[in-house]
Each structure stands twice: as C-alpha cells, then as structure tokens.
Amino acid sequence: MPDDARARQRTGAGLGLLLALVLAAVLLTALPDDGEREGGDACAPQSVASWSADAGLTGEFARYGDDPARSDDWTGGDGTHSVRLPDGRLLWLFSDTYLGRVHAPPNPFGESYTWREAAAPLVRNSAVVMRDGRLESTLPAPLFPDPAPNQWRWPVAARVEPRSPGSSEQVVRVLLWVRTAGQSPWIYGVPTATEVATLSLPDLRVESVVKVFDQQLVPDPSRRVLFGTTLVEEGGWTYVFGGDDRQAASRPVSQAYVARVPRGRLAEPGAWRYWNGSAWAGAGARPRAVLGDGQRAGVGSAFSVARVRGTYVLFTMAAGTEGLTTVTSYWACSPTGPWHGPTKDFSPSLPQGGQVAAYNPQTHPELSDDGRLVLSYDVNWLETAGAATQLNRNVSLYRPRFVTLRLASAR
C-alpha cells in the first residue's frame, strides 16, 4: 500500500475512533442516570461516623402525645414514616396507634409516668400533620380502613407525585402493607399484599387504593415480599425497597428486595418492575433478594435506604440478639447491589434497660441536609403478653425517638 494511502487510513481510523468516543460521551450524557453503575468517583463506602440524640424532635412527639386537652388524638404509635407536602407541612404516618386521653403522673401503680386508661382505642394506622416543626393535628383515624375482615393496612413510605404523568396537580401516594390475622409465629399478621393509596392535596383525603403486588398465592408466608419500607428517587426512577418475613419463621435475618417505577407512576401496577437477579421484570415476576444470606447479613422486618453523596446506604437492626438494641448499615453503588457490610453499628438510647426493644430505623431526608441525616427508631415492650398494660402505664414507651447521624467515607 502506498505511504500516503497508509497515512490516510491511519488518519481515518483515528478520526473514526475519536468520533466514536465523542458519540459515546454524548450518549452517556443523554441517557438518564438509573443509579445502577457500580463504582465511580461519586460512590464511596459510607458508614456512621458519629451520632447524637435529637431531643427536639423526640420531645415534640412527647409534648403532642401528652397534651391532656386532646381526647381522641394520637398518643403513641410505631412504623414511623414522613413525607414533605408542597405547602411545607410534614405528614407523619404510623402503623398501630393508641388514641385517647393521657393522664399526668402518678399512674395507677404509683409510678411517675404519664399514662392512659386500659380502654384507650388502638387503631391500625394514623397520620399526624406537622407545621414549622410543631405537631398540630391528627387526621381521622384509622386513615386507611381495613380491606377485609381479619385484615388491616399498615402505611409505610410515601411520596408526592403528579396526579398523572405531566399533570400540574399533585397528590400523595402512600405505600400500604396488607396483613391478615394468623396464628403463631405470625402474631403480627401474615404478609398479604402491597397497595398504593392516593391522598388528595391539600386536604389529605383518601381517594383510592390500588393493589400493586399480591402475595396471597405464595404458599410459604416467610417468602412473601412486601414493598415500600423505603423509597429512593434517582435518575427518573423511584426505587421501592421491600422485605420478606423470614424472622417470623425463626431465621436470624430477613432478605431485602427492590422494585422500580418510573417517577410519578407509583399507583400504576403495570409500571412496576421487579429485580429478578439479572433484569427488571414485570407483573408475575418473582423478585430475587439483593441482600440477605439468612445468617449474618440481612435486614430486619423494616429498614431504610438513603442516597448519600452518590452512595446508597441501608440502615437496619443488626442480626441476632443485637437486633433488639443496635442499628447497623450497609452500602452499595447500585440499588441492586452488591451490598457491602454490615459496617459500623451504633446503639441508640432505650428507656427501662433491657425490658424494651428498638426497631424500624427510618431515615427522614426532608429533615436532613448534606452530611447530616435524621433517623427515627421505634420502641416497644419486649414481651407480647402484657405489652398493652406496660404501654398504657407509661405512654412514653410507644413513641418514636430520633437521632442525628453524620456519615463519612470509609476509604
């Protein structure tokens, strides 16, 4: 081949390579970030560097719950989740909730605890509205009625979305867990289905409830998956995390799963896609766990995921007996994993020593800022027999508590 022809060939090849690189860069820039690329400068190992009790938030729920002027309002609950509304208010969602009037100490046992009567109403869910850092009202409870006899709904994560794609009108979507009454070991109900409720704005009225993931045909209750314990929005998607109930079947830890929905379409069952271990699959797919080995690594019955400086960080109670007192965390560069950890643990304060347990660690991004993450945890009496008596004789037990975390790179 003549030298000038070789030169033209080399020049053409180099130009072609350059054009290919430019085109690839343009395509990468144009494609939405689906949050699934492993590694990179934006993702680094994250763990808890320090934590401190948030006395202000914890105290606000104590103030509101202890207010003797209220006779039919929230006085305690668990399953703590929150969502910021467009007008600045904060909506707090709870699962099992005590209503009724509280009384100043001493209680009937002569103890210096604020208390409620044994006949105080217990409902399956509730919602409380906060404005400018102060709790101001409880919505009519239960907010979400039972779907059928011996079934109930527990609200979990929530998001504000357009009423329909492209609409300027906004609504609140609330993920719901449906459980059915069962025998031991299913004393907290058999996992049944995941639903999405739509609340109108600004009046927060329940408009509709749609079932998005039915588990009634899965024969082994410990393998049924409920989605919605936490949501993360990234790159045009809402990632919806969930878990199974293996702990109820005497396994040390449960497993975590993830689905994703185009942002703004949580109430459309056909828009949901479930990670099956290699791809996102549609309706009828069997999700595959992204975290959990059944022994040391895994999640509690409820957990939370936050995106911190490009890294997904998952908070859950630790495995084994430490799961009664200790919060641990995992990190990943993708919602589907691989998840690394558990990393550094911390044990938030608990009242009355070893007679109570902590559970359901939940992050609250709307109260957090860069480098500072607000996390709540619930507290309950350890023994189920006689628990109601203990929670009524000291109403401070069954309320959320808050801590402020600071995360740092573990590199």
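This is a predicted model: local features need pLDDT of at least 70, side-chain atom pairs count only at pLDDT 80 or more; totals for chains, interfaces and linings use all residues.
**Figure 1. The whole chain.** Residues are numbered from 1 along each chain as its sequence is written, and side-chain values use heavy atoms, with hydrogens and water left out. The chain has three helices and 25 strands (DSSP runs numbered from the N terminus: H or I of at least four residues for helices, E of at least two for strands). Of its 411 residues, 51% count as buried; buried is under 20% relative accessible area, exposed is over 50%, and partly exposed is in between (1.4 Å probe, protein chains only). Take the contacts between residues at least 6 apart in sequence: 59% of them join residues at least 24 apart (contact means heavy atoms within 4.5 Å).

**Figure 2. Helix α2 and its buried side.** Twelve residues, 55-66, make up α2, which reaches 16 Å from first C-alpha to last, close to the 16 Å expected at 1.5 Å a residue (expected span: 1.5 Å times one less than the number of residues). L57, E60, F61, Y64 and G65 are the buried residues of α2. They sit on the same side of α2 because they cover an arc of only 125 degrees around the axis, taken from the directions from the helix axis to the C-beta atoms. On the other side of α2, look for A55 and G56, which are exposed. The buried residues pack against β4, β6, β9, β10, β24 and β25.

**Figure 3. Aromatic pairs.** There are 18 aromatic pairs here; rings of Phe, Tyr and Trp (its six-membered ring) pair if their centres lie within 6.5 Å, with planes under 30 degrees apart counted as stacked, over 60 as edge-to-face and the rest as tilted. One of them is W51 with F346, a tilted pair at 5.5 Å centre to centre and 40 degrees between the planes. W51 is in strand β1 and F346 in the loop between β22 and β23, 295 residues apart. W51 is partly exposed at 35% relative accessibility, while F346 is buried at 5%. F227 and Y274 also make a tilted pair, with ring centres 5.5 Å apart and planes at 50 degrees. That pair links β15 to β18 across 47 residues, and both F227 and Y274 are buried. F61, Y64, W74, W92, F94 and F402 form one aromatic cluster.

**Figure 4. R246 and its partners.** R246 sits in the loop between β16 and β17 and counts as buried at 10% relative accessibility. Its side chain makes polar contacts with the side chains of D244 (2.8 Å) and Q255 (3.1 Å). A polar contact is a pair of N or O atoms within 3.5 Å; within protein, one must be able to donate a hydrogen and the other to accept it, and residues adjacent in sequence count only if both atoms are side-chain atoms.

Figure 5. Most residues other than glycine have a negative phi, and most peptide bonds are trans. The bond from L201 to P202 is cis, with omega near 5 degrees, and P202 lies in the loop between β13 and β14. Another cis bond joins G337 and P338, with omega about 5 degrees. N150 has a positive phi near 65 degrees and is exposed at 59% relative accessibility.
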